[in-house]
Structure formats: C-alpha cells, structure tokens
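Thank you all for coming.

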Amino acid sequence: MTELPTVMHFVPESGERKLPDPLYTLDGDRVAAVEQWRQKRRPEIVELYRTFVFGREPLQRPSTLHFHVETTPGMMNGAAVRKQVEIRYEGSGGEGSIKLLLFIPTNRTKPSPLFLLINNRGLEHMDPERENVSPFWPAETILSQGFAAAVFNNADVDPDEHDDFQNGVHGIFDSKSEGRSPDAWGTIAAWAWGACRVMDYLETDSDIDSADVTLVGHSRGGKTALWAGAIDERFARVISNNSGCTGAALARGKKGETIGQINEKFPHWFNENYKWFKDREYELPFDQHMLLALMAPRPVYVTSATEDLWADPESEFLSLVYAEPVYKLYGLEGLGIKRMPLPDSPMHSRAMGYHLRTGKHDMTEYDWLQFITFASTSQ
C-alpha cells in the first residue's frame, strides 16, 4: 500500500475518537488563514482522499464532451419546461452518455437556481412524463418553491457492480496497457465525475443559474455528492442524505457499518488502498469531518434517520461539529450546538445544516422541504 503520512495533531475535544485536526498540515503547521487553507491544507486533504479512498480519475472534462437537448414546454400542467439532455463523450474504450432530466419553472423572470439529484434508486424515480411521482425526487414541490429540478441516474455513468472495472466510464477511459494502480478511481469517484460533467452542461444552459446549483445525494449517492463537492467547487452547496460510512459519518468510533464491511460488500466503490484500513480506522490520516470541511465556505447539509443505525446518526452529526473550525476560519457560523437535536427538529445556519428524521434509511418529501428551506436561506 502507498506509504501513510503521520498525523501530528488531533482535536482535543474529540476524546477517544482521536480525530485529526483539519487545521494542522501534515508538516505540523497550524492553519491560521484562509489563504493557507486554500493553498496548502485543502489540496493536501483532497490528495489524501484521492490516494487512500476514492481514487484518482484519469481525466476531468473530456475533449469529446458534447450535448444533445430536447425541449418540451407545457409540462406539469403548464408549470414547467422539460429538457431531456444527453451528455455524450468518448474515449479509447468506446462511447458513453449521461441522460439528464431537467424541469425548469415556466414563469421564471431570470435564470433558475437548481437542485441536482444523483439518483441511485433506479429509473422509476425520474419519470419524464410525471405519471408516477416519487417522494424521492418530488420535482413538482421543488419547482413550486422557485427552483429548477434535475436528476441523472448514476448507472448511466458506471453500473453499480463489480466487474473488475471493465464497464462504464472505467471501460471507456482507463488505460488498457497498464494495470490498475492502488489509487485508481473506484465507482463512487466515477459517479462524482458524472456529476461534474452534468455541471459542464448546466453552465451552458441560459435558463439555469449555474452559480446556484445544489447537489443532493442519498446513501451511496450522498457519499458521491460529498466527493463531487470536494473536487468541484462549482457546486454552490452540497446535501448528503443518510450517507453513513465513508460519507458524512466519522470512521473512528463509528457504530454500524465499518470500513471493512463496506469494502467487502462493495469492493468496487473505492480504491484498493482503502481496503487496508479494515479494522484500522485510527490509522487513517483523516476522518470524514475533513471531507465535510472541503465544502467550506459553501453551505453543507447532513441528514440522518432515527432507524438508520447502520449509518450511525451520531457519527454523521459529529462530523459536522468537527468540521466547524474550517468554516469559522472563513468567518462563518457552524451549527452552534454540540449535542444532536431531537428528531424532526432541523438546525441550520447559513453555512451548515442538520436534521434527524423519524423513520428509516430513505429520502422523503420531508427531507426535501428542509433542503429547500436551507437553500433558500443560504443563497
């Protein structure tokens, strides 16, 4: 495995979890200014995640990227314009495309802010005709509050299966002459790459305010949203719903799913280096509060569910708490609380938000209403 750097400073308040301090570099320098965070510590943390967790994508925007758009007015009883966008690309291993479904308010007077969902639940949750409306992506509700609503299916980018990285964008862009390195990108990184290509399109659409795009993901999609937000700062805010292990939840001291279990069940999600940390969470040179800190100064929102013990709500909440110092470096308020709020009692500042919803591992219209409130107050 790639040589591990040594963690020199820990957050005193984190107790037995012994969390690395996000405001100390690997050289042991204290980060005291935004410029120092931007130029040294933030790139250092991104590099740690590329090396030891998500992997290194072989390219960013392909030179072959192009868009095909079909527009249909009068949707949702006249309230929306529908755009069906095919985002096409090609590489040495063939061609691929991402199908983006987009609804824009008809009566807009300026470019619309937008919610973009990474859909990991199948095509039934993104019906273009709106004959079957799913609370997992309540586009009508989103539009009623003045936002555009967009969704793409993660399987378009890379199927969620372990086939030694032969399909999807891995098959298109990975080198065939060289073996995969221990830090080669996994499937979560591929899905995040897809979200970034959707943003490439959104920047070309004059109906969309591309400077006000909120990226949303649930579960494995929530992990993806956080990594996409870390590597692509064009996303104005990031919302991670029930993302658990290797998402918002701290690894040290986590209950429920562990690094060993997630890598055993989903060996294709992350790079090979990450598998070394089975039962070695305390040897990580980072923890998930540092992934959340990579969103700063952009707003970030984390959610949990009372019955989702596999994700560990407490560890999801505490990850936000320990990311606060980076937001404060920017002069922004965190949540302002150290203990988890009661169920169904959302808490947020302009920069950070959290709620614990009563119920199971899911994303509901209740969750979306909190996302809309958060985005509206953090614009």
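Let me begin with a term: a residue is called buried when its relative accessible area is under 20%. By that cut-off F371 is buried, because its relative accessible area is 0%, and please keep in mind throughout that what we are looking at is a predicted model.

Turning to the aromatic side chains, the structure holds 23 aromatic pairs. One of them is formed by F266 and W269, whose ring centres are 3.8 Å apart and whose planes meet at 5 degrees, so this pair is classed as stacked. Both partners are covered, F266 with a relative accessible area of 13%, which makes it buried, and W269 with a value of 2%, which likewise counts as buried.

A second pair brings us back to F371, which joins Y301 in an edge-to-face arrangement, with 5.8 Å from centre to centre and 75 degrees between the planes. What I would point out here is that this pair links distant parts of the chain, since Y301 belongs to strand 8, residues 300-305, while F371 belongs to helix 10, residues 365-377, and the two are 70 residues apart. Y301, too, is buried, because its relative accessibility is 0%.

F266 and W269 also belong to one aromatic cluster, whose members include Y49, F52, F54, W227 and F286. Rings also have charged neighbours in this model: the charged end of K18 sits over the ring of F10, at 4.9 Å from the ring centre, and R197 lies over the face of W193, 5.2 Å from the centre of that ring.

Which residues cover the two sides of strand 4? On one side we find S112, L114, L116 and I118, and on the other P113, F115, L117 and N119, all of them buried, so that both faces are covered. In other words, for strand 4, residues 112-119, eight of its eight residues are buried.

As for its partners, strand 4 pairs in the parallel sense with strand 6, residues 208-218, over six bridges, and F115 stands opposite T214 there. Strand 4 also pairs in the parallel sense with strand 5, residues 148-153, again over six bridges, and in strand 5 the residue opposite F115 is A149. Between strand 4 and strand 5 the chain passes through helix 2, residues 139-144, in a β-α-β crossover that is right-handed.

I am happy to take questions.

Note on methods: Residues are numbered from 1 along each chain as its sequence is written. This is a predicted model: local features need pLDDT of at least 70, side-chain atom pairs count only at pLDDT 80 or more; totals for chains, interfaces and linings use all residues. Side-chain values use heavy atoms; hydrogens and water are left out. Rings of Phe, Tyr and Trp (its six-membered ring) pair if their centres lie within 6.5 Å; planes under 30 degrees apart count as stacked, over 60 as edge-to-face and the rest as tilted. Buried means under 20% relative accessible area, exposed over 50%, partly exposed in between (1.4 Å probe, protein chains only). Helices (H or I, at least four residues) and strands (E, at least two) are DSSP runs, numbered from the N terminus. A charge sits over a ring if NZ of Lys or CZ of Arg is within 6 Å of the ring centre and within 35 degrees of the ring normal. Two strands pair if DSSP finds at least two bridges between them. A crossover is right-handed if, with the strands pointing away from the viewer, the path from the first strand over the helix to the second runs clockwise.
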